[in-house]
Amino acid sequence: MLLPLVWMVLSAFKEPGSTVTVVKNLIAPPFTLESFARVLKPDGTAMMWRWTLNSVLVGIVQTAITIVLSSWAAYAVSRIPFKGKTFVFALILAGMMVPMESIVVPLFEMIADLGWVNSYNALIWPGMMLPLAFLILKQFIDQLPNELLEAARIDGAGTFRIWWSIIWPLSTSSMAAVGIFIFISSWNNLLWPMLVAQETSMMTLPVGIPTFQSTFATDLAVPMASNVLASLPALIVFLLFQRNIIKGISMTGIK
Amino acid sequence: MKLTRLRSYKTLMAALIFLAPFMILYVWFWIYPIFKGFISSFNSGIFGGVQKFVGLDNYSFMISDPKFWSSFGNTIYFIVISTPAIVVLGLILALLVNMKLKGTTILRTVYFMPFMLSVSVMGSIWLFILQSRTGLISEITRSLGMKEISFLGSWEMGWMSILIATIWWTVGFNMILFLAGLQEIPEDIYEASDIDGAGGWKKFWYITMPSLKGVTALVIILQSISSFKLFGQTWLITKGGPGTTTTPLVHYIYQIAFRQWDMGYASAVSFVLFLTIAFISLIQFKFLMKD
Amino acid sequence: MRKYNKTVALLLVLCLTLVACSSGNTGNKKNESTSNGGGGSTNSGTKVVDLNFWVPFSGTDGEYMENMVKAYNESQSEVNVKFMNSNWDNYYPKLQTALVSNSAPDVAVAHVSKLASLMPTEKVAVLDDLATEAGLDWSTFSENQLQATVIDGKHYAVPLDTHAVIMYFNKKHLNDAGLLNEDGTIKMEQTAEGFTEVLRALKKTIPADVSPLIIGSNNVFTYWIWYALVNQQGGSVFTDGQPTINTPEAKVAMELIKSWIDEGLALPDIGDQSYDIFKTGNAAVTFSGVWATGNFETNKDLDFAAVPFPQLFAQPAAWGDSHTVFVPTQDNKEKQVAALKFADWLASNGHMWAVAGHVPVKTAVLESEDYTSLPYRSSYADVINDVVYGPKLQNLGSIEDTILESLVEINYGMSSVEDGLAKAQKNAETILNK
């Protein structure tokens, strides 16, 4: 199971251009950091640092915006009585069935009209998994004991104060769970960033990594080095936060 | 009376404030594009050029477009071969890990880890493994004097390769979902059945399986929807080939929109994709969540 | 919980600040893919004209072009060119979008085969008048290449180079098989059968894991080779702007290619690995692009020769494309004239670009010492006269894509030659008439 990953790591430490497919060559020295150096040197078509920054930035911003906005909306639909609530709820639920892949074409036209092509705006605003976050947070807020909110209301707390002092602090665990899920999916996005990031400097990691497979092919060491570098953040996060990530996914499942 | 009206006005305002940011973003970037795409599907013209209204032409073209049907068929084929495999494997792995034998937590980490990789990394690794003549497996078989297995050289093997790569990449996710479901089952039910003298298989069939119905339904739905959206693996590993035999629907939409610049037709096919996924989600929801 | 709260809030603030900073800073990031030469400073009075120059040269090509831009900037002080490179794959969608949304560069490279597809944006400037102002003399360019850039009698681009599919062969393997003449050319009958005989003879002498021929059976090379062979028989893939694919010549060409694979003379299921397989000596002959010269050279142990695509039928013909430089329309005429001067300079210094393997377009450069002294390159320069350019169709790219799909299916045995060609014809017509 882990063999492909082991191969990836071993290959990354070989000299650029070496035949890492022959096991003999693979496990014998020399081992070098040359391929990594090659990958990290920024030039016109390879910018690992910038791509990583982009992926992280877009991931964090999208996650933050999604969680906050969904938390507000979930609170409203869950706890504030207003006319048309069922309609809004249905509308949001319906959105769960819209895959991003089926709207990339009109989205692209919209972004081009807005002049946002090749900008952070184009990477951030479309594609946030709002309905999913909404659903999970709403379920959580639904389950909060009514007395808690009643008590606060009796104390004179307005709607906003209730959200800020009660809902927000209590939802942290479910927000963390959803957040991880959303971050991973944002990190992994390939199709959309590929369309809107037209300058090398605006690409995200998934878009940039394939560029290391030069047309001349079979320099495997350098692409593998880029793969290792691209996976490092994710794998480190995983090993550190394994429990939380797994808990998060489990919770998303039990919705 | 005035108080209640003021109160209800205030709550309405509050609701609006809390809902507005979400709804604005949501409607603007998720709902509106569907309608915009739907309208575009009635036009024809190159991106940036003049758009001509052509009514249902794009749709009638689609019906007779062999490439549409082949990519649609490819997508369905992938769903059919991958969903059972990934679901069952996920379940088996979860059962394994759940047995809490020595070292099973390591197993859990090992099986899940590939899911943390980006699709580009995964695609790159598997391409290098499966490539003809210069791939890892090819070199190994050659050095052992065996005949070369062509992984990407035919329609069937191409899909098999996509399947293998996808399973490796995502089975861990389903495993976690099943694990969560398994861990929800209370111990005493099993203990009670032990007292009744039930063997391992009976326990599995009569206790585990029914309790997992909800999770299984979820996994099947999630898996088939994500298979419908297949793009990254074929884009990176088989590049849709040989020819168009491993080109799924999303890939075909990309070709129409960004190689032919025919946004109208691309919107039409996208809309059909949307309807299909919506339809299947609805059916699966109703059917699998019957309880 | 409180602590968690604060961290989240902090993160949010951090994010928003980052977003604000980054959107403002995109111009100043250190790793921007631009480079300025030394020609920025000038005496007061003459304002320097800045030009944004877009190119699709991933890999070593990009380095060579960047050097040329630097050299240009240093050679004069009126114009400063900013070099902006992109990956080949993304380039045309990016260019198309930029032209449409009015964010196009001042000067850009485009393949001559793609020029027609950019026309509908109506943002490609006519160059006739601008060229006179810039002092650009069209007669200094080789005729075949120049004609390809003229649409409806008007000039729309300045040719930069020609890159064609030619033949490379491994001198050692050929020699071992006794197939090398005194002058280093291959001993063969100048026919299709003659060439195949050479491959068969090679197969008998070369080691078992070396392939006589290596070509991309899974990628666009199949289309390019087939295209050349069709034209060599006097046929053509396009006639009067219509695809004519299901022809006897096409059938003969495709059957030849398929026979090489079926007889085991060329490896099946090969994509871009073909370059490396030849480079490491694991193939005796390959049809590859001129741009591979630089790559093959890096293997000092490889003793190879590069010659024009062999004539296997009635007349010589080859597939090729040209990089050209075009100027998007804009209000600043000064920039447009400067762009043309720059393009002219690039063409006149084609020997610098030839290091990448491409063939220069100016007759003077082709005859110059600088060019002829480069290894390998002048030995295939003649191919530029054999190049049969594609028709100026807006949809050429996607039509060729669809033809290729069918050809690949033939290669892989998924379709017979007849069926595949018929399917290609049908699909090509569909796209053309859309």
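**View 1. Helix H6 of chain A is mostly covered.** In this predicted model, H6(A) spans residues 104-114, and eight of its eleven residues are buried. A residue is buried if 20 or more other C-beta atoms, placed from the backbone, lie within 10 Å of its own. The buried residues are Val104(A), Val105(A), Pro106(A), Leu107(A), Phe108(A), Glu109(A), Met110(A) and Ile111(A). Gly115(A) follows H6(A), with a positive phi near 75°. Helices (H or I, at least four residues) and strands (E, at least two) are DSSP runs, numbered from the N terminus. Residues are numbered from 1 along each chain as its sequence is written, and chains are lettered from A and ligands numbered from 1 in the order in which they are written. Local features need pLDDT of at least 70 and side-chain atom pairs count only at pLDDT 80 or more, while totals for chains, interfaces and linings use all residues.

**View 2. Helices H7 and H10 of chain B pack at an angle of about 165°.** H7(B) covers residues 155-184 and H10(B) covers residues 213-228. Their axes lie 9 Å apart. Axes are lines fitted to C-alpha atoms, for helices over the stretch in contact, and angles run from 0 to 180 degrees between N-to-C directions. The angle therefore makes H7(B) roughly antiparallel to H10(B), a term for angles over 145 degrees. H7(B) contributes Asn174(B), Leu177(B), Phe178(B) and Gly181(B) to the contact. H10(B) contributes Val215(B), Leu218(B), Val219(B) and Gln223(B). Residues are in contact if their C-beta atoms, placed from the backbone, lie within 7 Å. By class, five residues of this contact are nonpolar, three are polar and none is charged. Ala, Val, Leu, Ile, Met, Phe, Trp, Tyr, Cys and Pro count as nonpolar, Asp, Glu, Lys and Arg as charged, and the others, Gly among them, as polar.

**View 3. Chain B meets chain A.** Here 60 residues of chain B are in contact with 60 residues of chain A. Helix H1(B), residues 2-40, supplies the largest share of the chain B side, 18 residues. That side has 44 nonpolar, 13 polar and three charged residues.

**View 4. Chain B has a domain 1 and a domain 2.** Domain 1 runs over 1-31 and domain 2 over 41-286. These bounds come from an automatic or database domain assignment. Taken over C-alpha atoms, the two domain centres are 40 Å apart.

**View 5. Chain C contains 19 helices and 13 strands.** Of its 434 residues, 50% are buried.

Notes: Parallel < 35°, antiparallel > 145°, perpendicular 65-115°, else oblique. Contact = placed C-beta atoms within 7 Å. Buried ≥ 20, exposed ≤ 12 C-beta atoms within 10 Å, placed from the backbone.
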